[in-house]
Every structure is written in C-alpha cells, then in structure tokens.
Amino acid sequence: MTASVLLVDDDPQIVRAIVPALQVSGLAVTVASNGADALRFVDGGSWDALIVDLGLPDMDGKAII
C-alpha cells in the first residue's frame, strides 16, 4: 500500500522541489495551494502525513493541522 501525503503550500517553487522528492520515495502526493482547498481534502480523505506551510494566504496553517 502506498502512503499518501497532503502537501499544502502556496509557493510553486517549493511545490516543484518537494513533490518529486516525495514521489521518488514512493509516496502518493496531493497538493493544495490554499487553506480552503486543504480543508476540503482533509475532510474528504485519509492521509498518512500532512506537510503544511504555516503562512498560507487565506488562513494560518495551524488551523489546518
């Protein structure tokens, strides 16, 4: 079974750097670029790990965690 990770970050450069590294490690990665989308993903799925930017444009990342 593949582990699933939700990456929440609004910076495209960070996303471009982190996603391939996680995928090479065998993880399934879903990306949310803001807090509202992240909350929808969290409510609709089961995640093995969350990687959350604390400084999102629409909310504090701690609210997602």
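**Strands, helices and burial**

Trainee: Which residue is the bridge partner of V5 in β2?

Mentor: Quick housekeeping: this is a predicted model, where local features need pLDDT of at least 70, side-chain atom pairs count only at pLDDT 80 or more, and totals for chains, interfaces and linings use all residues. Residues are numbered from 1 along each chain as its sequence is written, and side-chain values use heavy atoms, with hydrogens and water left out. Strands here are DSSP runs of E with at least two residues, helices are runs of H or I with at least four, and both are numbered from the N terminus. Strands β1 (residues 4-8) and β2 run parallel and are joined by five bridges; two strands pair if DSSP finds at least two bridges between them. In β2, V5 is partnered by V29.

Trainee: And what is the order of the strands in the sheet?

Mentor: β1 pairs with β3 too, in the parallel sense over four bridges. β2 (28-32) and β3 (49-52) each have a single partner strand, so one side of each is left without a neighbour in the sheet. The open sheet therefore has its edges at β2 and β3, and its order reads β2-β1-β3.

Trainee: Which residue in β3 is the bridge partner of L6?

Mentor: On the β2 side, L6 stands opposite T30. Over in β3, the partner of L6 is L50.

Trainee: How many residues of β1 are buried?

Mentor: Buried means under 20% relative accessible area, exposed is over 50%, and partly exposed is in between, using a 1.4 Å probe and protein chains only. In a regular strand, side chains alternate between the two faces of the sheet. Here S4, L6 and V8 point one way and V5 and L7 the other, and all are buried. That makes β1 largely enclosed by the rest of the structure, because the buried count is five of the five.

Trainee: What angle does the direction of α1 make with that of β2?

Mentor: Axes are lines fitted to C-alpha atoms, for helices over the stretch in contact, and angles run from 0 to 180 degrees between N-to-C directions. Contact means heavy atoms within 4.5 Å. Helix α1 (residues 12-24) packs on the sheet, touching β1, β2 and β3, and its angle with β2 is about 160°.

Trainee: What is the radius of gyration of the chain?

Mentor: It's taken over C-alpha atoms, and the globule rule is 2.2 Å times the number of residues to the power 0.38. For 65 residues a compact globule would come out near 11 Å, which agrees with the chain's own value, 11 Å.
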